[in-house]
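Open the model in your viewer and keep the sequence panel beside it. This tour tells you what to select at each stop and what you will find there.

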Amino acid sequence: MDLFHADLDEDFLLQMYKKAKKNFNSCILYKNNDYLLEELKTPLEDVELRNCSVQFKFDFVEVKNFTIETTIGLYIENEIIGKYSYIESSQGSVIDDVLVFY
């Protein structure tokens, strides 16, 4: 993605949240991550995923190198129980993800 020529509009943000939610589901349902469902202590169907933030983090030396970190909140009945962050490169490659339960 060429950030300097990208359309940073609502559609772009919604697309990033969609990617984050899809990757959250892949992460938590991955067979080697069974323990995550145990840590959740509630059925996955009861968890509401809410859009939180999309952040651009630029490399200090090479501004064209940046990452996009999209964070969604995990809620049960209006109480936040955790967050999930999906991180990709400026080229659209997945770099990392972080899941935290409170």
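The stops below run from the whole chain to single residues.

**Before you start**

This is a predicted model: local features need pLDDT of at least 70, side-chain atom pairs count only at pLDDT 80 or more, and totals for chains, interfaces and linings use all residues. Residues are numbered from 1 along each chain as its sequence is written, and side-chain values use heavy atoms, with hydrogens and water left out.

**Stop 1: the whole chain**

Show the protein chain as a cartoon. Two helices and four strands make up its elements. From the N terminus on, they run α-α-β-β-β-β. Helices (H or I, at least four residues) and strands (E, at least two) are DSSP runs, numbered from the N terminus. Along its principal axes, the C-alpha trace spans about 45 × 30 × 20 Å. The chain has 102 residues, and 34% of them count as buried. Buried means under 20% relative accessible area, exposed over 50%, and partly exposed in between (1.4 Å probe, protein chains only).

**Stop 2: the sheet**

Select the four strands. They form an open sheet in the order β1-β2-β3-β4, with antiparallel pairing. Two strands pair if DSSP finds at least two bridges between them. Which strands stand at the edges? They are β1 and β4 (94-101); each has a single partner strand, so one side of each is left without a neighbour in the sheet. From one strand to the next, the twist averages 15°. Here axes are lines fitted to C-alpha atoms, for helices over the stretch in contact, and angles run from 0 to 180 degrees between N-to-C directions.

Now look at the pairings. β1 and β2 are antiparallel over 10 bridges. Select Gln-55: Glu-69 in β2 stands opposite. β3 and β4 also run antiparallel, joined by seven bridges. Lys-83 has Val-100 in β4 as its bridge partner.

**Stop 3: the core**

Select Phe-24, Ile-28, Leu-40, Ile-72 and Leu-74. Among the 21 residues of the largest nonpolar core, these touch the most other members. A nonpolar core is a set of buried Ala, Val, Leu, Ile, Met, Phe, Trp, Tyr and Cys residues joined through side-chain atoms within 4.5 Å. The elements that give two or more residues to this core are α1 (10-29), α2 (34-40), β1, β2 and β3 (79-89). Which element gives the most? It is α1, with seven residues.

Stay on Ile-72. Leaving aside neighbours within four places in sequence, its contacts (heavy atoms within 4.5 Å) include Tyr-17, Ala-20, Phe-24, Leu-49, Cys-52 and Tyr-84.

**Stop 4: the aromatic rings**

Select Phe-12, Phe-56, Phe-58 and Phe-66. Ring pairs link these four into a cluster. A search of the whole structure finds four aromatic pairs. The rings of Phe-56 and Phe-66 have centres 6.1 Å apart and planes at 55°, so this pair is tilted. Rings of Phe, Tyr and Trp (its six-membered ring) pair if their centres lie within 6.5 Å; planes under 30 degrees apart count as stacked, over 60 as edge-to-face and the rest as tilted. Phe-56 is in strand β1 (residues 48-58) and Phe-66 in strand β2 (residues 66-76), 10 residues apart. Phe-58 and Phe-66 are also a tilted pair, 5.4 Å centre to centre with 40° between the planes.

Buried or exposed: which describes Phe-66? Phe-66 is buried, at 5% relative accessibility. Phe-56 is partly exposed at 25%, and Phe-58 is partly exposed at 41%.

Next, select Arg-50 and Tyr-75. The charged end of Arg-50 sits over the ring of Tyr-75, 3.9 Å from its centre. For this, NZ of Lys or CZ of Arg must be within 6 Å of the ring centre and within 35 degrees of the ring normal.

**Stop 5: Thr-67**

Thr-67 is found in strand β2. It is partly exposed, with a relative accessible area of 21%.

**Stop 6: the loops**

Most residues other than glycine have a negative phi. Lys-41 has a positive phi near 60°. It lies in the loop between α2 and β1 and is exposed at 75% relative accessibility. Asn-78 has a positive phi near 65°. Look for Asn-78 in the loop between β2 and β3, where it is exposed at 63%.

End at Gly-92, in the hairpin of β3 and β4. Four residues lie between these strands, and Gly-92 takes a positive phi near 90°.
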